[in-house]
Amino acid sequence: MENNLLLTYLLFIPLTGAVVLLFFKSENEKAIKYFGLAVSVIAFLLALYIYFNFDSNSGEFQFVHKFKWIANLSIFYHVGIDGIALLLLLLTTFITPLTLISSWSGITKKVKEFTFFMLFLEVGMIGVFISLDLFLFYVFWEVMLIPMYFIIGVWGGKERIYAAVKFFIYTMAGSLIMLVAIVWLSVHATNYLGYFTTDLVELYSVAPLFGLDVQTYLFLAFALSFAIKVPLFPLHTWLPDAHVQAPTAGSVILAGVLLKMGTYGFLRFNLPLFPAASIHFASFISILAVIGIIYGALVAMVQTDMKKLVAYSSVAHLGFVVLGIFAMTQESVQGAVIQMINHGLSTGALFLLVGMIYERTHTREISYYGGIAKIVPVYSFFLMIVSLSSIGLPGLNGFVGEFLILLGSFKSTVLNNWWFTIIAATGVIFAAVYLLWMYKRVVFGEVTNSKLNEITDLTKREIFILVPVIIFIVWIGVYPSTFLNVSEKSTTKILQQVSQPPKAELK
Amino acid sequence: MIDLIYLAVLLPLIGFLVNGIFGSRIKNEKVIGLIGSGAIGLAFLVVAGAFLQTLSLPVDQRTNYVELFTWIKAGGLHINAAYQVDQLSLVMGLIVTGVGFIIHVYSIGYMHGDKSVWRFFAYLNLFIFAMMNLILADNFVLMFLGWEGVGLCSYLLIGFWYDKPFEKSTTSAAGMKAFVVNRIGDVGFLLGMFLIYLTFNSLNFTDVFARASSFDVPGSVFTLITLFLFIGATGKSAQIPLFVWLPDAMAGPTPVSALIHAATMVTAGVYMIARTSLLYAMAPTTMMIVAVIGVFTAFFAATIGLVQNDIKKVLAYSTISQLGYMFLAMGVGAFSAGIFHLMTHAFFKALLFLGAGSVIHSMHAQQDIRYFGGLKKYMPVTYGTFLVAAFAISGIPPFSGFFSKDEILWYSYTNVGFFFWLLGAITAVLTAFYIFRIHFLTFNGTPRFDEKRTHPHESPKVMTIPLIILAVLSAVGGFIGIPEIFSGENGNVFSTWLAPVFKAAELKLSYFGSYSHFEELLFMSISVVGAIAGILTARYIYLSKPEIAESTARKYGRVYKILLNKYYIDEVYESTVVKPIINGSKSFLWKMFDVKLIDGFVNGLAGSVSNASKYLRKLQTGVVQLYALVMIVGILLALFWVILSL
């Protein structure tokens, strides 16, 4: 197959941008801001170009670029995307410029370093979604940690160090286990292939042949790492701290993109590599997912800090995604993929909105607010739409994902138990409770605090950030086919890999 | 016009967008009202055109579909944005856009001077948009879009005056309660859909109904499907046990109560059962449950309505009660009678609310009937039209409510049994009593307000003309559904029109027994006499001997208190469901489990690692030879492991 360099270019745009940025003078903040924005917009435009040239009638990897990287060990630089990766790539490159603009007012110190880390982070995120070699994947997976660690640790809130270290250790613990698993997987595959390789596509053909016990260990090792990232109950406690301490841009990227790497990992690695173990553990993981849906919602409901509320709501939303993946029906997996995008948009926007009001009052305590509808009507309007999207109101994006996930999990023969769906479905009640309750306390009622009278409504720049998100929120709600079609064939392929794994040939 | 039916959905949406986006910049209230009402008026014309066209078609061609685009497609699921134009959806469409238009016009007067009229009309238009989707949808999912959409508008409009206190809390608390309670029902609706999809592999009405007849599906599945859907209906249509939100919904402006919480949205559950009547017909157990819930809700809500002092509260409980009748009709298989009552109720209950609104408007937001009295002379039009509506709801012939309610009562006797008729008839007496109680206390007798300070006045024409139109409809609307004993075979125009929609369901139901005309007339007479007795009792107590009311209330103090406090249902829910969930989440799940247990474990682990590292640090001796030794041992071990595992 001929190499296609587009994905490599996409990877190099933010990388080159980050390097070039180092030659800027620190005091030249305006130039740094516009340069960072320009780089990330170019990356988005290239991602769009890739989207328009993507063949959604195929579930195979496209735009593949492959060459030997570490020759002796058969480790490849191997990149390529299917429909799922493409959607996440679009999400990543769409969100990054928005977060950069949003931090123009929020980040006042070390702007150059901040922009550098954001671009650096984008390299890692793009890399994770396009890697088709386990070793390469691992490198990007780890690379991402560093800028995120600094973004939380340098530009974060009061307890940023605690949060950053907690984030780092949690994720690091998981990824070390994944590294062991990668090595073991490749070594074990040598028995079948006759040579050592970390190439994912090759491993797809042999890993499913492993015995159930080996599959089980490998499945669990990968699953642990991804479950921490998602985060799956009960591995979620790093999330509220990281979110609350991170600056707005960090939270948006964290919720919008980073969490999706866990669910993406399940889809890309766990299911196709270890189909037997995946089916074996589907119910177990789904139980955790369903607990997360209810637990996340209930704990979100009683939070007093807006950002923490949104953070816990992520636990609930990602629970839906995981349930959809492990229900393993076409409907539920399609729902899970679209829900990853939805969560990126809705929760990303919620964090942006919380950040915007925080910049005005320097508090996120719900009790500080009350009756701001009159003072900041435009803000209240945006918060309403985004909340409704997160609640899963039909006609907006959230509904499409949740509906497909629940519908698919109900008919799932892998789970084969209605209670998963029944309990998960009650999550939609609590979702309405925690968001509308917050909305009621913050926006409605009489103005409770005279200081609130001084806050100003959204600026043009802030509206400019939110409008594109709202457009997609409505678009996915009304005409999700644009996005569902992209991933349809890819999810079909993954489900085939699970239901009809390659058979062992006699050697 | 049938092909253009999507305009009836699109026009309200355009109205919403125009007023929603530009409304705050349109300073002229009249323009805003004109845009809002105009969108609905035009939508009504579209529906009316489609109705006339359908009327001209032969009976077997009266179901038509208009497809717009693919909405959600994944795996085996294929949901279109597509509308079904048939006898049932046209009747509903005419009610929603017709009554909706009248109420929009009324709102121009009622909301005059409000600082955010534009927002009001935008929400109202959005509501009609959602409601039209609900009734025109050709599949469950699009119906659900409308179903949740009307819930959203209800939420937004209940809390329209978001900074206004309401009872113990605020209007936005009432709005949130409505949304959340509705969502509980919606989960039932969702689960019903999932089971339908699992069973029939489709969510389109046509496919599902065709397969329901042809697939070999055990009866229990139908029972479960219909029960799930019915949970949804109890939420939206405020039936036991999910009725608690509707009384609070009165926090919204009165036209909202008339349109959403009386005439249209709350009837969505009834419509949904009518639409899926075939599934219900195959689940006799569910039918019985629906009938029981319906008749008990009717009775139960009427008892609360007897003693409330807030005029809108009485009307709210009255609505719950009347919806109970409609569910009774559905449960006893009298589908077209239920829809007939839905229609007449839309006329007279909208009129009652708008009349109450007219009173409240002129009494400076006073809603307590204890401070009304003698308003007849100040507001003759409101008085006259309110009286017509009161007669209609009491079931006095020949007003519209008589025909529809009588049909339901009669079928509940013939199809299920005497007890259902009896409870329904008693409710009818209570209804006549409570409605005339508020009528007399409001319009007759001597004024109980300070006539020097309050100067009641008749409402402007923009409000009274809608009242008059609705009064005419409430008075004569019943004539399209005259029972066959008076009108001859197929003389009931309304049920003949709807018959094709319910044919499949009615074929599955078999009710036996034959009843004479004498029996039917007897039962009819009893309920009419009962209603008249109710009216006369109210007249005697509240006009002639007001002291009776007080002494009775004192004598049966405990009963009175229970009724006045609505059987304490809200308090019971609060202490058994709401509080435990919130407290449990806060003190146990969050502060105990999350912070202490999980995080404690993680931090403890981290702590012990750093402790251990204090000792491990000592291994770093700096002696290179030692490092080399450790390395060699390590490599050897690794080699062994690799060899052994090969």
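# Reading helix packing and contacts: a tutorial

Student: How do Helix 13 and helix 15 of chain A pack, at what angle and how far apart are their axes?

Tutor: Let's begin with the general idea. Two packed helices are described by the angle between their axes and the distance between the axes. In this predicted model, helix 13 (residues 330-361) of chain A meets helix 15 (residues 397-410) of chain A at an angle of about 150°, and their axes are 7 Å apart. Angles over 145 degrees count as roughly antiparallel, and therefore helix 13 and helix 15 of chain A are roughly antiparallel to each other. Helix 13 of chain A passes helix 15 of chain A in a left-handed crossing.

Student: Which residues make the contact between helix 13 and helix 15 of chain A?

Tutor: On the helix 13 side they include E331(A), G335(A), I338(A), N342(A) and L345(A). On the helix 15 side, N397(A), G401(A), L404(A), I405(A) and G408(A) are among them. By class, this contact of helix 13 with helix 15 of chain A has seven nonpolar, 11 polar and two charged residues.

Student: What about helix 6 and helix 9 of chain A, at what angle do they pack?

Tutor: Helix 6 (residues 160-193) of chain A packs on helix 9 (residues 238-245) of chain A at about 135°, with axes 9 Å apart. That angle makes helix 6 of chain A oblique to helix 9 of chain A. Their crossing is left-handed. From helix 6 of chain A come R160(A), Y162(A), A163(A), K166(A), F167(A) and Y170(A), which meet W238(A), D241(A), A242(A) and Q245(A) of helix 9 of chain A. Sorted by class, the contact of helix 6 with helix 9 of chain A has six nonpolar, one polar and three charged residues.

Student: In chain B, are helix 11 and helix 14 roughly parallel or roughly antiparallel?

Tutor: Look at the angle again. Helix 11 (residues 268-275) of chain B and helix 14 (residues 311-331) of chain B pack at about 10°, their axes 10 Å apart. That makes helix 11 of chain B roughly parallel to helix 14 of chain B. Here V270(B), I273(B) and A274(B) of helix 11 meet L323(B), M326(B), F327(B) and M330(B) of helix 14. The contact of helix 11 with helix 14 of chain B has seven nonpolar residues, no polar and no charged.

Student: Now for whole chains. How many helices and strands are there in chain A?

Tutor: Chain A has 18 helices and two strands. Its radius of gyration is 22 Å, close to the 23 Å that the globule rule gives for 507 residues, so chain A is as compact as a globular protein of that length. Along the principal axes, the C-alpha atoms of chain A fill a box of roughly 80 × 55 × 40 Å.

Student: Into which domains is chain B divided?

Tutor: They are domain 1 (1-138), domain 2 (147-564) and domain 3 (571-645). The centres of domain 1 and domain 2 of chain B, over C-alpha atoms, are separated by 23 Å. Between these two, 33 residues of domain 1 are in contact with 42 residues of domain 2 of chain B. On the domain 1 side, helix 3 of chain B gives the most, with 16 residues.

Student: And how many residues of chain B are in contact with chain A?

Tutor: The size of an interface is often given as the accessible area lost when the parts come together. Here we can count residues instead: 38 residues of chain B are in contact with 43 residues of chain A. Helix 6 of chain B gives the most to the side that touches chain A, with 13 residues. By class, that side of chain B has 24 nonpolar, seven polar and seven charged residues.

Note on methods:
Residues are numbered from 1 along each chain as its sequence is written. Chains are lettered from A and ligands numbered from 1 in the order in which they are written. This is a predicted model: local features need pLDDT of at least 70, side-chain atom pairs count only at pLDDT 80 or more; totals for chains, interfaces and linings use all residues. Two residues are in contact if their C-beta atoms, placed from the backbone, lie within 7 Å. Helices (H or I, at least four residues) and strands (E, at least two) are DSSP runs, numbered from the N terminus. Ala, Val, Leu, Ile, Met, Phe, Trp, Tyr, Cys and Pro count as nonpolar, Asp, Glu, Lys and Arg as charged, and the others, Gly among them, as polar. Axes are lines fitted to C-alpha atoms, for helices over the stretch in contact, and angles run from 0 to 180 degrees between N-to-C directions. Angles under 35 degrees count as roughly parallel, over 145 as roughly antiparallel, 65 to 115 as roughly perpendicular and the rest as oblique. A crossing is left-handed if the near helix is turned anticlockwise from the far one by less than a right angle, and right-handed if clockwise. Domain bounds come from an automatic or database domain assignment. The radius of gyration is taken over C-alpha atoms; the globule rule is 2.2 Å times the number of residues to the power 0.38.
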